[in-house]
Amino acid sequence: HVGVLNDLEAAQKRCVKWVYGVSPLDSWSEREYYNKLVTLRILPIREQFYFNDMKFLFKIVHGLAPYDLPNYICLALPTDYPYRSRHNKDIVDGVDSTTIKCTVDPCTSTFRNGFFYRSVKSWNSIPYEIRQASSYASFCFRFKCHIFNSLSDHV
């Protein structure tokens with residue numbers, strides 16, 4: 001799994017070098033490489049997979065896909081929290097209506113690595129203002145901008 005991602009990232013890097021007319025033997029720092037990707041408006045391969053997962057989950061959560069959340073994944077409600085904390089204040093205050101939670105503990109790695117279980121944490125890490133976008137197109141645009149901004153902050 002990780003080896004395949006590394007191979008795909010290496011291929012992406014070679015393609016970006018080709019676009020810029022640079023020899024595949026030239027080396028770029030990670031910062032240089034990410035700056036080139038941002039300029040081309042291309043997400044690094046790992047972030048592209050993450051982006052696609054979250055787009056699919058947006059469609060499911062907002063009823064735009066022919067799938068429902070499984071019964072062990074549900075929206076977090078204000079009544080789920082007996083007290084208000086920094087972590088849950090937006091849910092308790094009714095501002096965030098798109099946080100999801102898993103109601104079961106994973107007992108196998110297959111379950112832990114399954115789409116729905118592994119996507120809960122990723123979904124909830126997206127700012128709720130983006131998760132609550134009024135349309136799929138708005139979500140995609142705002143979320144992609146968020147990812148590019150995150151890349152700029154980390155490199």
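**Figure 1. Where helix H1 crosses helix H3.** In this predicted model, the axes of H1 (residues 2-19) and H3 (residues 45-61) come within 9 Å and cross at roughly 115 degrees. That puts H1 roughly perpendicular to H3 (the label covers 65 to 115 degrees; under 35 is roughly parallel, over 145 roughly antiparallel, and the rest oblique). Axes here are lines fitted to C-alpha atoms, for helices over the stretch in contact, with angles from 0 to 180 degrees between N-to-C directions. Helices are DSSP runs of H or I with at least four residues, strands are E runs of at least two, and both are numbered from the N terminus. On the H1 side you'll find Val2, Leu5, Asn6, Leu8, Glu9 and Gln12, which meet Ile45, Arg46 and Phe49 of H3 (contact means heavy atoms within 4.5 Å). By class, this contact has five nonpolar, two polar and two charged residues; Ala, Val, Leu, Ile, Met, Phe, Trp, Tyr, Cys and Pro count as nonpolar, Asp, Glu, Lys and Arg as charged, and the others, Gly among them, as polar.

**Figure 2. A closer look at Arg46.** Arg46 sits in helix H3 and is partly exposed, at 32% relative accessible area (buried is under 20%, exposed over 50%, partly exposed in between, with a 1.4 Å probe and protein chains only). Leaving aside residues up to four places away in sequence, Arg46 touches Val2, Leu5, Asn6 and Glu9. Gly94 is 48 residues from Arg46 in sequence, and their C-alpha atoms are 33 Å apart.

**Figure 3. The largest pocket.** This pocket holds about 550 Å³ of space. Pockets come from a 1 Å grid over the protein atoms alone: each is an open set of points where a 1.4 Å probe fits, with protein on both sides within 12 Å along at least five of seven lines, and lining residues have an atom within 4 Å of a point. Of the 20 lining residues, Arg46, Glu47, Phe49, Tyr50 and Asp53 lie nearest the centre. H3 gives the largest share of the lining, six residues, while H1, H2 (30-40), H3, H6 (115-125) and H8 (136-154) each supply at least two. The lining splits into nine nonpolar, six polar and five charged residues.

**Figure 4. The second largest pocket.** Here the volume is about 250 Å³. The lining has 17 residues, with His87, Ile91, Asp96, Thr99 and Asn124 closest to the centre. Two or more residues come from each of H4 (89-92), strand S2 (100-102), H6 and H7 (128-131). Sorted by class, the lining has seven nonpolar, four polar and six charged residues.

**Figure 5. Helix H3 against helix H6.** The axes of H3 and H6 are 10 Å apart, and the helices pack at an angle of about 95 degrees, so they are roughly perpendicular to each other. Tyr50, Asp53, Met54, Phe56, Leu57, Phe58, Ile60 and Val61 of H3 meet Phe115, Phe116, Arg118, Ser119, Ser122, Trp123 and Ser125 of H6. This contact comprises 10 nonpolar, three polar and two charged residues.

**Notes for all views.** Residues are numbered from 1 along each chain as its sequence is written, and side-chain values use heavy atoms, with hydrogens and water left out. As this is a predicted model, local features need pLDDT of at least 70 and side-chain atom pairs count only at pLDDT 80 or more, whereas totals for chains, interfaces and linings use all residues.

Key. Grid points are joined across faces, edges and corners, and a volume is the space filled by probe spheres set on the points.
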